[in-house]
Amino acid sequence: MSGKKTMGERNLMFFSGRAHSELADEVAANLGVEITPTALRDFANGEIYVRYLESVRGCDAFVMQSHTAPINQWIMEQLIMVDALKRASAKRITVIMPFYGYARQDKKGRGREPITARLMADMFKQAGADRLMSIDLHTSQIQGFFDGPVDHLFAMPVLINYLRGKLDPATTTIVSPDTGRVRLAERWSDSLGTPVAFIHKRRDLDVANQVKVHEVVGKVQGRTCVLIDDMIDTGGSICKAADALYEHGATDVIVAATHAVFSDPAVDRLKNSRISEVVVTNTLPIPVEKRFDSLTVMSIAPLLARAITEVFTDGSVTSLFEGDS
């Protein structure tokens, strides 16, 4: 039998889809459990088949899937896994999505648009999820879209622990790429003891991934700038932001982001930019062909394993970020 039990015979079982097996293996190793054996395969027409090869009755189930490309396939696979757990009488089902797919559409910017972040929450609730766990949601309001507990984890401690030894606070500025990330930049600033700057930009509502940078607000001249963001998709926004910082006198630009989506042509843009280092986590798989010399990948597995343990033992997930709670 995979999983582990508490003294009260509660049984933790860990499940993973096929999207990011390397991360799943790391999380399982940190938890000290095996991934529950699962039959996952595709029918000829693309439909997905799921069957668990052990009894899951009464277990505390944690089912993880990274919403990477092809994103619709992996979301559907996770939904089917949740449905199978519910119908097999799992006691509690926690859905772990290190990267929350469709999170960017979290409100209606214009008429006749969807709110896909809410749709995602509704689908997982209907499938049978009791709880959601994700890392660095696109906006914190998404927590309110799910009718149940949501554990919103932060990659900031992982990224800061890596960068702390490389930065001199006296000559470093934390930079938000837009006004929406200023609060996060302030948290970075409080931790590192550095000033904050932000970039004012306007997004073209009619063309996806098109951004025009307007101006830099804050002290960046003669300083190392750390650009922080939740994700890098095509890389256009972050590269334009870096160019704006250099134009305003920055001596070096480092990018720190949680989710390396890296849709084409992100890798070419980042490789050919003036950014000295790109630091990301492994919430999404990064194949060999999308890795480059200035890329550093930090593992998020220990954080996920600690959060799973806190949930399983009815501990405090908040304590992972704010001390004892």
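**Close-up 1. A cis proline, Pro265, in the loop between β13 and α7.** Pro265 sits in the loop that runs between β13 and α7. The peptide bond linking Asp264 to Pro265 is cis, with omega about 5°. As with every view here, keep in mind that this is a predicted model. Pro70 belongs to the loop between β5 and α2.

Close-up 2. Is β6 mostly buried or exposed? Five of its six residues (the strand covers residues 92-97) are buried, so β6 is largely enclosed by the rest of the structure. Look for Ala61 here: it stands opposite Ile93 of β6. The other neighbour in this view is β7 (residues 131-135), also parallel to β6, with four bridges joining the two. In that pairing, Met97 has Ser134 of β7 as its bridge partner.

**Close-up 3. Two right-handed crossovers that share β6.** Follow the chain from β5 through helix α2 (residues 71-87) to β6, and you have a right-handed β-α-β unit. From β6 the chain then crosses through helix α3 (residues 116-127) to β7, and this β-α-β crossover is right-handed too. Tyr102 lies in the loop between β6 and α3. Most residues other than glycine have a negative phi. With a relative accessible area of 33%, Tyr102 is partly exposed.

**Close-up 4. Helix α6 and the glycine that follows.** Helix α6 takes in residues 236-247. At 1.5 Å a residue its twelve residues should span 16 Å, and the end C-alpha atoms are 17 Å apart, which agrees. Which residues of α6 are buried? They are Gly236, Ile238, Cys239, Ala241, Ala242, Ala244, Leu245 and Tyr246. After the helix comes Gly249, with a positive phi near 100°.

**Close-up 5. Val278 and the residues around it.** Val278 is part of strand β14 (residues 277-281). Its relative accessibility is 0%, so Val278 counts as buried. Leaving aside residues up to four places away in sequence, Val278 touches Ile232, Val255, Leu270, Phe292, Ser294, Leu295 and Thr296. Phe292 is 14 residues from Val278 along the chain, and their C-alpha atoms are separated by 9.4 Å.

Close-up 6. Phe262 lies in the loop between β13 (252-260) and α7 (266-271), while Phe292 lies in the loop between β14 and β15 (295-298), so the pair ties together parts that are 30 residues apart in sequence. Phe262 and Phe292 are both buried.

**Close-up 7. Arginines over aromatic rings.** Arg41 lies over the face of Tyr49, 4.2 Å from the ring centre. Elsewhere, Arg10 has its charged end over the ring of Phe312, at 5.1 Å from the centre.

**Close-up 8. Asp252 in strand β13.** Asp252 lies in strand β13 and is partly exposed, with a relative accessible area of 22%. What does Asp252 touch, not counting residues up to four places away in sequence? Its contacts are Arg223, Thr224, Cys225, Tyr246 and Ser276.

**Close-up 9. Asp314, a positive phi in a loop.** Asp314 is in the loop between α8 (301-312) and α9 (319-322). Phi at Asp314 is positive, about 60°, although Asp314 is not a glycine. With 57% relative accessibility, Asp314 counts as exposed.

Note on methods: Residues numbered from 1 in each chain as written. Predicted model: local features only at pLDDT ≥ 70, side-chain atom pairs only at ≥ 80, totals over all residues. Heavy atoms only, no water. Buried < 20%, exposed > 50% of the residue type's maximum accessible area, 1.4 Å probe, protein only. Pairing = 2+ DSSP bridges. Right-handed = clockwise from strand over helix to strand, strands pointing away. Expected span 1.5 Å × (residues − 1). Contact = heavy atoms within 4.5 Å. Lys NZ or Arg CZ within 6 Å of the ring centre and 35° of its normal.
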